[in-house]
Amino acid sequence: AFVRLMRSTHASLAFQEFRVHVLWDTENIRLADTGEFLTALEQLFTFLEKQGIGSRYRFRLCAFFTGGKPQAPNNKRLKALRDLGFELQECPAAKKEEVDRQIERRMNIIADDCDPRKTRVVVLSSDKDFIAPMQMLRGRGFLTYFIHDAKPGSVHTKALAFHAAGTFSIRGILSARFLDARSHAKIPAAAAQNPLPSVQKSMRQCSGSLSGLQLLQVAPGSPIMTAAA
């Protein structure tokens, strides 16, 4: 019994050791403007814990948004995020794609300053611009995850999956009432009709770490996860 207790305690401590950087592109993954905003985030944190990614007590949370835009979080939501411990990164509206640049900059800082054996990175975005920095982090030994809103089974989803240790659909984590309908990622019609060139391009971009990759496709509405062996 003592040995089982010690093993359980050791596993719990190992779980607590991971620092999990959660980088949220609020302009890409949008939560609906409902009174259940905090409930939605609680479900998200619980999901990450159940997947074994890390403990919420070790999360380092950062939300990125462009100030002055209609889709920017309102004051009530900003206060809620601060109360939850989020760092808020407001980007100037005058600089196009500044949110993407700031998230990439944070990923580079993590790569340079953090120990990959004790750090995991979760990016909440469907934006394929983050594939390159994700690939860089994986190359340095970090475990990385996408939580996205790309359509299940699409080329877009597969492109994200090639470059992360795990990918999850936000619609398999949160019910539809929590999500802004505009957050669903779009893919070009041509790509949808002829996906092979895009998939081949993504595979060429990927490093040699693809050898253990497995794609798990499940029914729409279920969590979509891609894991490297």
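## How α4 and α5 pack

In this predicted model, helix α4 (residues 98–113) lies against helix α5 (residues 131–139) with the axes 10 Å apart and an angle of about 5° between them. Axes here are lines fitted to C-alpha atoms over the stretch in contact, and angles run from 0 to 180 degrees between N-to-C directions. The two helices are therefore roughly parallel (angles under 35 degrees).

On the α4 side, E104, M107, N108, I110 and A111 meet P133, M134, M136 and L137 of α5; contact means heavy atoms within 4.5 Å. By class, that's seven nonpolar residues, one polar and one charged (Ala, Val, Leu, Ile, Met, Phe, Trp, Tyr, Cys and Pro are nonpolar, Asp, Glu, Lys and Arg charged, and the others, Gly among them, polar).

E97 sits in the loop between β3 (87–91) and α4. It isn't a glycine, yet its phi is positive, at about 60°. With 44% relative accessibility, E97 counts as partly exposed (buried is under 20%, exposed over 50%, partly exposed in between, with a 1.4 Å probe and protein chains only).

## The chain as a whole

The chain has eight helices and eight strands, taken as DSSP runs numbered from the N terminus (helices H or I, at least four residues; strands E, at least two). Of its 229 residues, 45% are buried. Among contacts with a separation of 6 or more, 70% link residues 24 or more positions apart.

## Ground rules

Residues are numbered from 1 along each chain as its sequence is written, and side-chain values use heavy atoms, leaving out hydrogens and water. Local features need pLDDT of at least 70 and side-chain atom pairs count only at pLDDT 80 or more, while totals for chains, interfaces and linings use all residues.

Notes: Parallel < 35°, antiparallel > 145°, perpendicular 65-115°, else oblique.
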